[in-house]
Structures are given as structure tokens and as C-alpha cells.
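Q: Could you walk me through this model before I set up any calculations? I would like to begin with the overall fold and then turn to the charges.

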Amino acid sequence: MPSPVLVHLATVGSAFEGRVVAARLGADGILALVRGADEGPYPLPGTVEIVVDAAQLDEARSVLAAEALEAAAEETAAEEV
């Protein structure tokens, strides 16, 4: 089985946020890795990159878009209360 080709999906503001996004994608069966400042024994603050298998890129984008729509709908509902 060939190794997956990893491609850029998103850049997020922190290692924690990156791990949350990767976990969310993993819940849908999408392999996602976090690259950047959090690598190594002494993680540094800063942006990190989320990468996914190129074959799952469109699916990963759809999951993130759905999450963004849900968050926007929740914000709108909270503002109306």
C-alpha cells in the first residue's frame, strides 16, 4: 500500500486548536496531522498547519465548512436571545 500524499488543509492559531481540528476530522475517518510549532519536546506557541491525505482533501474541506456553518448558526441564535 503506497504512503498517503499529505496536502495542506488549513492553518490554525495554536497547537491546541490544531489537535481539536485533527480530532474532529478523525471522528469522520479522515487522517489529519498537525505540523508546526507544537512538534518536538518543547512546543512553542504559534500557528500550526493541518495536513490530510490528498484523497480525503475534499471530504475534509466539507467537514470544516459544515462546522463553520454550525458555529455561525449557533452565534446567530445566541445573539437573537
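This is a predicted model: local features need pLDDT of at least 70, side-chain atom pairs count only at pLDDT 80 or more; totals for chains, interfaces and linings use all residues.

Q: Which secondary structure elements does the chain have, and in what order do they run?
A: The chain has two helices and three strands, running β-α-β-β-α from the N terminus. Helices (H or I, at least four residues) and strands (E, at least two) are DSSP runs, numbered from the N terminus.

Q: What are the dimensions of the C-alpha trace?
A: Along its principal axes the trace spans about 50 × 30 × 15 Å.

Q: And how much of the chain is buried?
A: Of its 81 residues, 27% count as buried. Buried means under 20% relative accessible area, exposed over 50%, and partly exposed in between (1.4 Å probe, protein chains only).

Q: What share of the contacts joins residues at least 24 apart?
A: That share is 64%, taken among contacts between residues at least 6 apart in sequence. Contact means heavy atoms within 4.5 Å.

Q: Turning to electrostatics, how many salt bridges are there?
A: The search of the whole structure finds two. A salt bridge is a side-chain nitrogen of Lys or Arg within 4 Å of a carboxyl oxygen of Asp or Glu.

Q: Which residues are linked in the network?
A: Arg 24, Asp 28 and Glu 67 are linked by salt bridges. Arg 24 pairs with Asp 28, with the closest N and O atoms 3.3 Å apart, and the side chain of Arg 24 also meets that of Glu 67 at 2.6 Å, N to O. The latter pair links distant parts of the chain, with Arg 24 in helix α1 (residues 15-27) and Glu 67 in helix α2, 43 residues apart.

Q: Which residues form the negative surface patch?
A: Glu 70, Glu 74, Glu 75, Glu 79 and Glu 80 form it. For such a patch, residues need over 30% relative accessible area and no salt bridge; like charges are joined within 9 Å, and nonpolar side chains (Val, Leu, Ile, Met, Phe, Trp, Tyr) within 5 Å.

Q: Let us take Glu 74: where is it, and is it buried or exposed?
A: Glu 74 lies in helix α2 (residues 57-80). Glu 74 is exposed, because its relative accessible area is 56%.

Q: Finally, where is Gln 56, and what is it in contact with?
A: Gln 56 is in the loop between β3 (48-53) and α2. Gln 56 counts as buried because its relative accessible area is 18%. Leaving aside neighbours within four places in sequence, Gln 56 is in contact with Gly 29, Ile 30 and Leu 31.

How values were computed: Residues are numbered from 1 along each chain as its sequence is written. Side-chain values use heavy atoms; hydrogens and water are left out. Accessible areas come from the Shrake-Rupley method with a 1.4 Å probe; for residues, only the protein chains shown count as cover. Lys and Arg count as positive and Asp and Glu as negative; His and the chain ends are not counted. The place of a charge is taken as NZ of Lys, CZ of Arg, CG of Asp or CD of Glu.
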